[in-house]
Amino acid sequence: MFSDEDITLVHAVQKQYASLNLKLPTGTFTILAAIALISSDSLSIQPKIIGLATGCKCLPKDKLPLQGEAVHDSHAEVLARRCAIRWLIEEIGRAASGGSHWHSAWITKMADDRYRLKDGVYMIMYISTLPCGDASMRFLATFQDEEMAALKDSAVFPPLAPDVASRGRDNYSLFGVLRTKPGRADSPQTLSLSCSDKIARWNVLGIQGALGSAFFHPIYLKKIIIGEVPLDLHDVVKSDCERAFWGRLQEIDGLSEGYKLSRPEVQFTSVGFIHSRSVQEHSSPAQRSCNESLTWVADAASPHEVLINGLKRGVSPKHRYKTIFWPRLSKVSLFHLYRKTRSIENLPHESITMTYYQAKESMAQYQMAKNCLLGEGQPFSGWIRSGARWESFGTSSDNGQQSTDITN
């Protein structure tokens, strides 16, 4: 049953989005996602939205940045999670700069000097439509026309090995398998896994990510609220979401201390999103996904940015490597924040030459848990990793203007 608390959250997300005044090009739609904190404290009724984003695009394999200056995956769910990571780490800085008289209402420091959410605080994700990948395969099949259904039924794909991800919607009748973005077979190939797969990964490794695990114990979603699912499909779609988000990982074991398989509750909302495909089609039947993405981080000095092709809108190619033009959600920008926060927290000094990849690999507990999920013979062994090739950069703004052409 959809609670008053959930309705309050969805309306708060919609209100925050409207306040940012994003204008979509005519004939386009987008997807909205947000992550919020809820407190069971009766004095804190309003949800705290910590990150919000829109987006439907990701970079092709041959356009991935070598210096971490562009965001690989600009789907709304992925960006919203990166917004949440940034807010969480910045909250540590706010607590440190506020002195002894200021305390975060949301996070608390533990005896081991890492943080967690305060007792009674939990995290919720809102998505304006079903995430791409495993969670939405049957849903999409319900709405395809007879001609497309016949075409897909006649398509023959080679058997999919258990350690291989399916490309987009190929093998569309298979459930529980990893899938890459985008769904369209005629789109350029990417290394980005579907949002269903990424949410499942977060349900094991936590929202905070590898670098965030230097400061936080694993943080898990308690609930995921999804829009645009008709009432008569709630039961089947809920079953698909539960399989996609955690059901296919039931056999995982051996996780590091503090890590677990989280099983967030799946709920649906009838509250529409103004820039969704279904709403926009009423004004213009020829719809395509918007190339731009909006990102918003709560409590930030400059809270929102608009991205296109993973870069800040309006930044010329010759300026993309300059610190002031890094998207706040790019790997290099988050690495810079990580380094700054290590200093604030007086954590052991790292070599100035340590790369982003090396820093992530140094998070032993996180990497052990990750290997239980992605390692050979594990449930997500087919996960495509970007790895050292695209993560061997530091935090200097003078990383070098290397070409992003990696086809050679």
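Which element gives the most to the lining of the second largest pocket? It is helix H2, with five residues. A pocket here is worked out on a 1 Å grid over the protein atoms alone, as an open set of points where a 1.4 Å probe fits, with protein on both sides within 12 Å along at least five of seven lines; lining residues have an atom within 4 Å of a point. The model is a predicted one, so local features need pLDDT of at least 70 and side-chain atom pairs count only at pLDDT 80 or more, while totals for chains, interfaces and linings use all residues. Residues are numbered from 1 along each chain as its sequence is written, and side-chain values use heavy atoms, with hydrogens and water left out.

Now for the overall layout. The protein chain has eleven helices and 14 strands, where helices (H or I, at least four residues) and strands (E, at least two) are DSSP runs numbered from the N terminus. Of its 408 residues, 55% are buried, and buried means under 20% relative accessible area with a 1.4 Å probe, protein chains only. Among contacts (heavy atoms within 4.5 Å) with a separation of 6 or more, 70% join residues 24 or more positions apart.

Rolling a probe the size of a water molecule over the atoms shows where empty space is left. The second largest pocket has a volume of about 820 Å³, counted as the space filled by probe spheres set on grid points that are joined across faces, edges and corners. Of its 38 lining residues, Arg82, Arg201, Lys331, Lys360 and Glu391 are the closest to the centre. H9 and helix H10 (356-361) are among the elements that give two or more residues to this lining.

Helix H9 (residues 331-344) also holds Leu334, which is buried at a relative accessible area of 9%. Leaving out residues up to four places away in sequence, Leu334 touches Arg82, Arg86, Arg328 and Leu329. Leu334 and Leu211 sit 123 residues apart in sequence, but 8.6 Å apart in space, C-alpha to C-alpha. In the loop between H9 and H10 comes Glu345, buried with a relative accessible area of 14%.

What about the nonpolar cores? Such a core is a set of buried Ala, Val, Leu, Ile, Met, Phe, Trp, Tyr and Cys residues joined through side-chain atoms within 4.5 Å. The largest has 108 residues, and Leu52, Met123, Phe216, Ile226 and Phe245 touch the most other members. Helix H2 (residues 76-97) gives the most to this core, with ten residues. A second, separate core has seven residues, including Leu59 and Trp390.

Strand E2 (residues 32-39) has eight of its eight residues buried, so it is largely enclosed by the rest of the structure. In a regular strand the side chains alternate between the two faces of the sheet. Leu32, Ala34, Ala36 and Ile38 point one way from E2, and Ala33, Ile35, Leu37 and Ser39 the other way. E2 pairs in the antiparallel sense with strand E3 (residues 48-54) over six bridges, pairing being called when DSSP finds at least two bridges between two strands. Ala33 has Ala53 as its bridge partner in E3. With strand E8 (residues 121-127), E2 pairs in the antiparallel sense over seven bridges, and Ala34 stands opposite Tyr126 there.

Notes: Buried < 20%, exposed > 50% of the residue type's maximum accessible area, 1.4 Å probe, protein only.
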